[in-house]
Each structure stands twice: as C-alpha cells, then as structure tokens.
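Me: I am new to this structure and would like to go through it with you. Could we take the ligand surroundings and then the sheet?

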Amino acid sequence: MGTFKAVVIEKGEGGQSVALRSFDEADLMDGDVTVRVTHSTLNYKDGLALTGKAPVVRRFPMIPGIDFSGVVEASSHPGWAPGDAVILTGWGLGETHLGAYAEKARVKGDWLVALPASLTPEQAMAVGTAGFTAMLALLALERHGLRPEAGPALVTGAAGGVGSVATALLAAAGWHVVAATGRAAEEAEYLRGLGAAEIIGREELSTPGKPLGRERWAAAVDAVGSTTLANALAMTRYGGAVAACGLAGGMDLPGSVAPFILRGVALLGIDSVMAPQALRREAWARLARDLDLDRLAAMTTTIPLSGVIERGPAILAGRTRGRVVVTVD
Ligand code: NDP
C-alpha cells in the first residue's frame with residue numbers, strides 16, 4: 001500500500017483546516033471496492049464541507065467530495081471487476097465516508113452505478129450529484145402525473161448546478177421553463193441557451209407573499225427553499241406539484257397549508273443521498289438518453305484538484321454558474 005494525493009479536512013482546537021496533501025492508503029475506510037478516481041465535482045454541499053459553514057462532515061480527518069467517476073482498481077464485490085468504469089453519488093461520501101477529492105477511494109460496491117455507455121467519466125461528473133438530483137425531481141414530477149401540457153415549470157436557483165440541469169432537462173422534455181435567478185442581467189442568455197423560455201428575477205419569489213397567489217406554473221423544481229419555496233407553492237396551479245431539492249436560500253418553510261388544501265398542490269421531497277439503487281439506475285439511464293450534451297458542456301467548467309479548496313466559498317455565495325467538474329487524475 002502506498003500514498004496518494006487528497007484534499008483533507010482536519011479539526012483541531014482552532015477549528016477546521018483543509019489542505020491538499022498525501023494520504024496513506026492504509027487509512028482508507030472499509031469497503032469492498034477500491035476505485036481510481038478520475039473526476040469529481042463541486043456541489044453546494046462540498047462548499048459547506050470545505051468551508052465548515054455547516055456540519056456536513058461527520059468524522060475527521062475527512063476527504064471531502066460527495067461524488068466521483070473512476071475506474072475499479074480492486075474488488076471483492078461480485079458486481080464489480082478491475083477496469084469497470086463507475087460513478088458514485090451520495091451514500092455519505094465526503095460526509096461520513098472518506099470522499100472523492102482524492103486519487104483513490106474505497107467504498108461499498110453496493111453504492112456504485114455503472115458509467116452509462118454514452119457518457120464519458122467527465123460528462124457523468126458534469127451531471128454529478130446536482131444533475132442527478134435534477135433528474136430525480138423530474139422523475140418525481142412525472143410520477144405525480146405532470147406533463148408539459150399541464151402548464152409551465154418553474155426552476156429556482158436556475159443558474160446554479162441543480163437549476164441549470166433542471167432547466168435543460170425540463171426544456172428537452174417539452175416543458176415551458178420559467179427560470180428564476182438572482183443573476184438575470186448576467187445569466188439570461190446562458191439560461192435561454194439551456195432552453196429557458198422565460199427568465200424572472202429571484203426577488204419575485206424571495207419576499208414574503210400571500211398564502212395563495214396567481215396560478216403561474218403547474219410544476220416547479222426548487223433548489224432554494226425558505227420563502228422562495230413557500231411562494232413557489234402559493235403560485236402553483238390546481239393539482240400541480242413542487243419538487244423540493246435544496247436550501248440555498250434557507251432551510252425554513254415560512255408558508256401556509258392553503259396551496260395543499262385549496263388547490264391540491266403536492267410538495268415532493270427529493271433526496272439524492274440515500275436514493276435506492278433501482279431509482280439511481282433509472283435516473284442515470286434517463287440522463288444518458290435525454291440530456292443534451294452540448295447544453296451540458298455549455299454549463300460546465302473544469303478545475304484541477306488543486307483548485308477546489310479556494311472554490312468552496314464561491315459556490316456558497318451563489319457565484320458559481322452551472323456545474324464545476326474537478327479533474328483528479
Ligand atoms: P449552486 O450553488 O450551484 O446553486 C444554487 C443556486 O441557488 C445559486 O446558483 C443561485 O442561483 C441560487 N441561490 C444561492 N443563494 C441564494 C439565496 N440566498 N437566495 C435565493 N437563491 C439563491 O448549488 P447546487 O446546485 O449544487 O445545489 C443547490 C441546492 O440543492 C443546495 O441547497 C444543495 O444543498 C441542494 N442539493 C440537494 C440535493 C438533494 O439530494 N436534495 C442534492 C444536490 C443539491 P441564481 O444565481 O440563479 O439565483
């Protein structure tokens with residue numbers, strides 16, 4: 001066993017510190033598959049881990065990074081053999097289990113999904129946890145019976161990771177996408193390029209509104225939470241649904257039950273971390289089939305592993321556009 005390069009978070013008396021350093025393979029946690037990580041990404045939760053702004057890291061030292069693509073190096077799991085191309089999102093990676101910002105990861109084979117044949121490892125991570133979550137939201141809306149004929153679909157936090165992929169996926173599925181962003185001046189053209197039909201300012205949703213508003217959309221994918229989610233619900237058409245994915249604007253939900261009991265609106269909870277394997281495979285198959293790869297490229301920037309620490313604060317400040325791929329290999 002040797003050493004490899006990793007971003008490592010340590011906790012001492014003065015708080016947490018984070019550095020790119022060498023890590024001993026013998027200190028990896030238990031798992032039946034060892035993966036040579038080639039790509040990871042920067043998600044909002046990675047920003048929380050890197051900066052220590054919220055207690056997402058549950059053991060120290062921790063290698064952050066909640067998702068990766070890579071190649072199996074060694075396996076005692078019956079489903080995986082050396083050379084297999086794999087992806088992993090969630091399951092506590094980068095939170096409770098040593099994570100993806102490293103040249104090697106040892107994980108449970110049951111957590112892995114095969115890299116779809118039509119995606120490169122880099123494209124799979126351009127999707128990453130954020131894009132996978134956007135697809136879970138679309139699947140939940142469809143399971144609720146919603147189709148583009150029902151009316152427009154709102155996406156909040158549209159210029160971020162979840163929002164960009166949700167915009168592209170909903171537009172490709174034929175929805176009239178209303179993209180809500182705090183960066184309309186800079187990002188309107190970008191969002192139209194992803195397929196948004198209308199752009200609205202974040203402030204239309206982020207100030208407290210009435211229990212019921214004008215019925216503006218039939219479906220919504222919300223990455224923001226708080227007052228934005230309450231207003232998204234209040235403006236959802238009769239029988240519509242809102243898929244709640246995120247908390248970029250806050251964890252509270254200061255609304256009323258009026259949309260539920262007077263309009264039959266549904267609030268659909270979306271969790272990517274513990275999503276069961278069958279749902280993961282369905283979501284990745286749909287992503288591979290439906291996501292326009294040119295639009296995916298348009299929303300993606302790539303940084304090296306050595307650049308990830310300094311990018312943590314930017315994603316929390318809402319200054320990251322679309323998706324950020326981290327090249328590890
Ligand atoms: P990003 O930072 O890329 O996107 C978040 C976007 O939200 C920003 O780009 C910005 O979009 C908007 N935003 C940021 N701050 C505020 C604010 N104070 N008020 C209103 N809008 C704001 O993050 P991700 O896309 O990676 O994640 C988005 C959210 O989804 C996070 O809360 C994350 O924790 C959650 N998430 C949940 C998952 C799950 O399993 N449920 C999985 C993945 C992510 P704009 O500039 O366009 O307004």
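**Ligand shell and sheet**

Reply: In this predicted model, the shell around the ligand is made up of 13 nonpolar, 16 polar and four charged residues.

Me: Which residues come nearest to the ligand?

Reply: Gly 157, Gly 160, Gly 161, Gly 246 and Gly 318 come nearest, out of the 33 residues around the ligand. Two or more residues of the shell are given by each of the elements α1 (44-51), α2 and α3.

Me: And which domains does the shell draw on?

Reply: At least three residues come from each of domain 1 (3-115 + 299-327) and domain 2 (130-269).

Me: Now the sheet. What is the order of its strands?

Reply: The order is β10-β9-β8-β11-β12-β13, an open sheet of six strands with parallel pairing.

Me: Why is one side of β10 and of β13 left without a neighbour in the sheet?

Reply: Strands β10 (198-201) and β13 (266-269) stand at the edges and each has a single partner strand, so one side of each lacks a neighbour there. From one strand to the next, the twist averages 20°.

Me: How many bridges join β9 to β10?

Reply: Four bridges join β9 (residues 177-181) to β10, and the two run parallel. Ala 180 stands opposite Ile 200 in β10.

Terms used
Residues numbered from 1 in each chain as written. Predicted model: local features only at pLDDT ≥ 70, side-chain atom pairs only at ≥ 80, totals over all residues. Pairing = 2+ DSSP bridges. Axes fitted to C-alpha atoms, helices over the stretch in contact; angles between N-to-C directions. Near = placed C-beta within 6 Å. Nonpolar A, V, L, I, M, F, W, Y, C, P; charged D, E, K, R; others polar. Domains from an automatic or database assignment.
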